[in-house]
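Welcome! Here is a short tour of a few local features, meant to be read with the structure open beside you.

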Amino acid sequence: VAGALLWDVLGRDPQNAESAQWLQLAWETVIEDVMPREVALDQMPRRVGFRDRTLELAVTVIEEAGQATGALVVLHDITEELARERAEQARRETLAVFERFRTDAAAVFGFLEEMDRLLETSLRATDGTALMRDIHTMKGNAALFGLESVAALCHALEDRAVNTESLPTLADRMPLVQRWSHLSKELREWLGPMSARQRALTPVRRVLAPLAQQGEQLAQKLGK
């Protein structure tokens, strides 16, 4: 929009209002020259959302007589790049859980149930200590089972609580709720049929295991 300030344009998207405000404050810090230029520029958000796109910002300050008079801002659309990164991350997470399932199916299903319980109690929590404890436990459990995206969202909530000195609101927690709901549904759809096959194979394995052991003993006697 000709003549409009960048943060005013970006701030028209309600989901990006906070980043737009932070961009404005950071630029005012650059103009006022109240701290080293590099430090002030580091305060600027590196990514902002606009409608359904994610944009990466690169800022070059324009100077006159050592004073900042303007800036050249380059916006790079990284929406597709981020989508590829998320798809690759989802593939890694699914593979990590699948590998764990092969060796300990009960632990995986126990993990899914525990995460569901923790998320539910965290949404109903009225005590701040209990809320942050649940979030921290979810972070550790998710990391243990290779679910990087869930662990990162929990960590972001912990950081936000420290930086703002306030508890995460329900709106703050919604990305975690949405991510876990999607991931839990997907994993259960994947693992359900495999669990049924594993249960079906258990009696066969009980019969074959002694036979395999007898075969090994016979091979040892024959010097094989």
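Glu165 has a relative accessible area of 75%, so it counts as exposed, the cut-off being over 50%. Please keep in mind that this is a predicted model.

Most residues other than glycine have a negative phi.

## Helices 5 and 6 side by side

Helix 5 (residues 105-124) packs with helix 6 (residues 128-144) at an angle of about 155°, and their axes are 9 Å apart. Helix 5 is therefore roughly antiparallel to helix 6, as angles over 145 degrees count as such. The crossing of the two helices is left-handed.

Which residues make this contact? From helix 5 come Phe111, Glu114, Met115, Leu118, Leu119, Thr121 and Ser122, and they meet Leu131, Asp134, Thr137, Met138, Asn141 and Ala142 of helix 6. Sorted by class, the contact of helix 5 with helix 6 has seven nonpolar, four polar and two charged residues.

Helix 4 (residues 79-103) has 25 residues, which should span 36 Å at 1.5 Å a residue. The end C-alpha atoms of helix 4 are 37 Å apart, which agrees with that expectation.

And which residues of helix 4 are buried? They are Thr79, Leu82, Glu93, Thr94, Val97 and Phe101.

Terms used
Residues numbered from 1 in each chain as written. Predicted model: local features only at pLDDT ≥ 70, side-chain atom pairs only at ≥ 80, totals over all residues. Heavy atoms only, no water. Axes fitted to C-alpha atoms, helices over the stretch in contact; angles between N-to-C directions. Helix = DSSP H or I, 4+ residues; strand = E, 2+ residues; numbered from the N terminus. Parallel < 35°, antiparallel > 145°, perpendicular 65-115°, else oblique. Left-handed = near helix turned anticlockwise from the far one by under 90°. Contact = heavy atoms within 4.5 Å. Nonpolar A, V, L, I, M, F, W, Y, C, P; charged D, E, K, R; others polar. Buried < 20%, exposed > 50% of the residue type's maximum accessible area, 1.4 Å probe, protein only. Expected span 1.5 Å × (residues − 1).
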